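Subject: Structure handover

Hello,

My notes on what turned up follow it.

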Amino acid sequence: MVQTYFEIGRMIVEEEQGGSERAEYGKGLLNSVAKKLTTEFGKGFSVTNLKQMRQFYLIYAQSPIVKAVSCHSEKSQTVSDEFNPNW
């Protein structure tokens with residue numbers, strides 16, 4: 001679950017926001033992503049939760065522990081490859 005939330009945060013920042021901490025179109029982006037994820041996966045993807053997932057990614061993406069785990073763990077790569085929402 002932690003890996004999934006981290007990956008959702010990563011996707012919001014890197015893919016939807018082009019790597020910036022905040023998207024210029026702001027809350028509309030999170031509303032759109034929240035609706036799509038809720039439709040596809042069910043409850044748990046409110047705008048508030050997505051903000052927290054994005055913040056979780058921003059805080060821990062640069063952590064030496066996260067870098068070490070992602071470099072040495074094939075499973076983390078597999079999880080992120082399998083989690084591929086259509087948004």
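Which residues form one aromatic cluster? The cluster is made of Phe 6, Phe 56, Tyr 57 and Tyr 60.

Some ground rules before the rest. This is a predicted model, in which local features need pLDDT of at least 70 and side-chain atom pairs count only at pLDDT 80 or more, while totals for chains, interfaces and linings use all residues. Residues are numbered from 1 along each chain as its sequence is written, and side-chain values use heavy atoms, with hydrogens and water left out.

Overall

The protein has five helices and zero strands, in the order α-α-α-α-α along the sequence. Helices are DSSP runs of H or I with at least four residues, strands are runs of E with at least two, and both are numbered from the N terminus. Of the 87 residues, 32% are buried (buried means under 20% relative accessible area, exposed over 50%, partly exposed in between, with a 1.4 Å probe and protein chains only). The exposed surface comes to about 5900 Å², with 53% of it supplied by carbon and sulfur atoms; the areas come from the Shrake-Rupley method with a 1.4 Å probe, and for residues only the protein chains shown count as cover. Among contacts with a separation of 6 or more, 61% are between residues 24 or more positions apart (contact means heavy atoms within 4.5 Å).

Core

The largest nonpolar core has 11 residues: Ile 8, Ile 12, Leu 29, Leu 30, Val 33, Ala 34, Leu 37, Phe 45, Val 47, Leu 50 and Met 53. Helix 1 (2-16), helix 2 and helix 3 each give two or more residues to this core, and helix 2 gives the most, with five. Such a core is a set of buried Ala, Val, Leu, Ile, Met, Phe, Trp, Tyr and Cys residues joined through side-chain atoms within 4.5 Å.

Helix 3

Helix 3 has 14 residues and spans 20 Å from its first C-alpha to its last, close to the 20 Å expected at 1.5 Å a residue (the expected span is 1.5 Å times one less than the number of residues). Its buried residues include Val 47, Leu 50, Met 53, Arg 54 and Tyr 57. These cover an arc of only 120° around the axis, which puts them on the same side of helix 3; the arc is that of the directions from the helix axis to the C-beta atoms.

Gly 44 is in the loop between helix 2 (27-41) and helix 3 (47-60) and is partly exposed, at 36%. Beyond its neighbours within four places in sequence, Gly 44 is in contact with Asn 49 and Met 53. Asn 49 belongs to helix 3 and is partly exposed at 27%. Ala 34 lies 8.9 Å from Gly 44, C-alpha to C-alpha, and 8.8 Å from Asn 49.

Aromatic pairs

There are four aromatic pairs. In one, the ring centres of Phe 41 and Phe 45 are 6.2 Å apart and the planes are at 55°, so the pair is tilted. Rings of Phe, Tyr and Trp (its six-membered ring) pair if their centres lie within 6.5 Å; planes under 30 degrees apart count as stacked, over 60 as edge-to-face and the rest as tilted. Phe 41 is partly exposed at 41%, whereas Phe 45 is buried at 10%.

Regards
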